[in-house]
Amino acid sequence: MSDSRSGRMRSVTKEEALGLLGSVPYGRVVFTDRALPAVRPVNHVVDDGAVIMRTHTGAAVLRTVGQVVGYEADLVDDAPTLVWSVVVIGKVEIEDRPEAVARYERMLRPVVDLPMDHVLRIRPQLVTGFVLDTLELPDTG
């Protein structure tokens with residue numbers, strides 16, 4: 001039997017979208033760097049409705065503090081089929097409260113061999129997402 005699947009895209013609520021986003025450890029931050037589009041893969045956590053990430057001094061994404069960025073994550077299964085996708089748009093803030101920084105340092109382990117000296121927070125202003133409700137199709141072969 002072949003893995004022929006089709007489905008219907010269904011929008012999700014903001015709360016559902018943030019729950020999906022919080023269920024995966026990686027996403028992509030989308031921003032403008034020197035007037036050009038830029039995308040960087042990063043690990044994240046969702047905490048109190050915000051996207052939290054750590055970065056190193058000198059990272060291009062650090063220059064986005066105070067600016068609006070996009071953040072996207074998704075889940076693709078083994079088929080490969082896109083199962084869900086979430087996009088967050090919001091302003092980047094630097095987190096500098098010592099207790100919060102220490103907490104996020106415990107929650108977010110670096111995936112690169114660089115000191116992650118900064119914690120960034122994206123406060124969502126717009127959250128969109130969809131899931132794919134799959135329908136199993138009969139094998140016509």
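Exposed here means over 50% relative accessible area, and buried means under 20%. Keep in mind that this is a predicted model.

**Exercise 1.** Sort out helix α2: which residues are buried, and which exposed ones sit on the face turned away from them?

*Solution.* Start with the helix itself, which spans residues 98-107. Its buried residues are Ala100, Val101 and Tyr104. These cover an arc of only 100° around the axis, so they end up on the same side of α2.

**Exercise 2.** Work out which parts of the chain the Arg28–Glu72 salt bridge ties together.

*Solution.* First, check the pair: the side chains meet at 2.4 Å, N to O. Arg28 is in strand β2 (residues 26-33) and Glu72 in strand β6 (residues 68-76), so the bridge ties together parts 44 residues apart in sequence. Then look at burial: Glu72 has a relative accessible area of 15%, which is under the 20% cut-off, so Glu72 is buried. Arg28, at 28%, counts as partly exposed. Last, widen the view: Arg28, Glu72 and Asp74 are linked in a network of salt bridges.

**Exercise 3.** Find where Ala38 sits and what it touches beyond its sequence neighbours.

*Solution.* Ala38 belongs to strand β3 (residues 36-43). With a relative accessible area of 7%, Ala38 is buried. Leaving out residues up to four places away in sequence, Ala38 touches Val29, Val30, Phe31 and Asp33. Follow up on one of these: Asp33 is itself buried, at 13%, and forms a salt bridge with Arg63 (closest N and O atoms 2.7 Å apart).

Notes:
Residues numbered from 1 in each chain as written. Predicted model: local features only at pLDDT ≥ 70, side-chain atom pairs only at ≥ 80, totals over all residues. Heavy atoms only, no water. Buried < 20%, exposed > 50% of the residue type's maximum accessible area, 1.4 Å probe, protein only. Helix = DSSP H or I, 4+ residues; strand = E, 2+ residues; numbered from the N terminus. Arc of directions from axis to C-beta. Contact = heavy atoms within 4.5 Å. Salt bridge = Lys/Arg side-chain N within 4 Å of Asp/Glu carboxyl O.
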